[in-house]
Amino acid sequence: MNKSEASLYVEELLSSMHFAWVAELMFAKSLKRRWRFDYCIPNEKIGIEIEGGTWHKSRHTTGKGFRADIEKYNAAVVHYGYRVLRYTPDQILNGALEADLRELCKRE
């Protein structure tokens with residue numbers, strides 16, 4: 001499977017910012033769920049999601065899929081204390097993730 005341009009950008013960005021990151025981190029084992037973050041910075045409790053398929057029909061844009069995503073993101077916050085950052089690929093490539101990570105690091 002080829003990685004998308006946005007995925008490659010995220011990996012380069014996280015490495016250049018010296019974060020210890022993990023791709024496809026499974027985070028809800030205690031809830032007996034197989035939920036994963038696209039990318040995670042475990043030490044900072046930050047989950048990063050690349051929301052694909054936003055401009056055409058996909059699992060994420062159906063009512064059932066959208067609802068499942070909400071359940072996943074809320075569980076990450078409520079049960080595990082993660083901050084979940086969600087972006088479309090174009091938002092990532094336009095610098096939104098980098099700006100938000102820099103702002104989060106500045107505050108802490």
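## Strands and their pairing

Two strands pair if DSSP finds at least two bridges between them. Strands (E, at least two residues) and helices (H or I, at least four) are DSSP runs, numbered from the N terminus. The model described here is predicted, so local features need pLDDT of at least 70 and side-chain atom pairs count only at pLDDT 80 or more, while totals for chains, interfaces and linings use all residues. Residues are numbered from 1 along each chain as its sequence is written, and side-chain values use heavy atoms, with hydrogens and water left out.

E2 and E3 run antiparallel and are joined by 3 bridges. Tyr39 has Ile48 in E3 as its bridge partner. E3 also pairs with strand E4 (residues 83-87), in the parallel sense and over 5 bridges. Here Glu49 stands opposite Arg86 of E4.

## The enclosed strand E3

Is E3 enclosed or open, and how many of its residues are buried? Buried means under 20% relative accessible area, exposed means over 50%, and partly exposed lies in between (1.4 Å probe, protein chains only). Because 5 of the 5 residues of E3 are buried, the strand is largely enclosed by the rest of the structure.

In a regular strand the side chains alternate between the two faces of the sheet. In E3, Ile46, Ile48 and Ile50 are on one side, Gly47 and Glu49 are on the other, and both faces are covered.

## Aromatic residues

There are 6 aromatic pairs in the structure. Rings of Phe, Tyr and Trp (its six-membered ring) pair if their centres lie within 6.5 Å; planes under 30 degrees apart count as stacked, over 60 as edge-to-face and the rest as tilted. One of the pairs joins Phe27 and Trp35, which are stacked at 6.2 Å centre to centre with 25° between the planes. Phe27 is buried at 5% relative accessibility, and Trp35 is buried at 12%.

Phe27 also stacks with Phe37, at 4.2 Å centre to centre and 15° between the planes. Phe27 lies in the loop between strand E1 (22-26) and strand E2 (36-41), and Phe37 lies in E2, so this pair ties together parts that are 10 residues apart in sequence. Phe37 is buried, with 0% relative accessibility. One aromatic cluster is formed by Phe27, Trp35, Phe37, Tyr80 and Tyr82.

## Two lysines in loops

Lys45 is placed in the loop between E2 and strand E3 (46-50). The hairpin of these strands has 4 residues between them, and in it Lys45 takes a positive phi near 55°. At 31% relative accessibility, Lys45 is partly exposed. Its charged end sits over the ring of Tyr82, 4.4 Å from the ring centre; such a contact requires NZ of Lys or CZ of Arg within 6 Å of the ring centre and within 35 degrees of the ring normal.

Lys32 is in the loop between E1 and E2. Lys32 is not a glycine, yet has a positive phi of about 60°. With a relative accessible area of 75%, Lys32 is exposed.

## Helix H1

H1 covers residues 5-16, has 12 residues and reaches 16 Å from its first C-alpha to its last, close to the 16 Å expected at 1.5 Å a residue. The expected span is 1.5 Å times one less than the number of residues.

The buried residues in H1 are Ala6, Ser7, Val10, Glu11, Leu13 and Leu14. They cover an arc of only 165° around the axis, and therefore lie on the same side of H1; the arc is that of the directions from the helix axis to the C-beta atoms. Exposed Glu5 and Glu12 are carried on the face turned away from the buried side. Just after H1, His18 takes a positive phi of about 65°.
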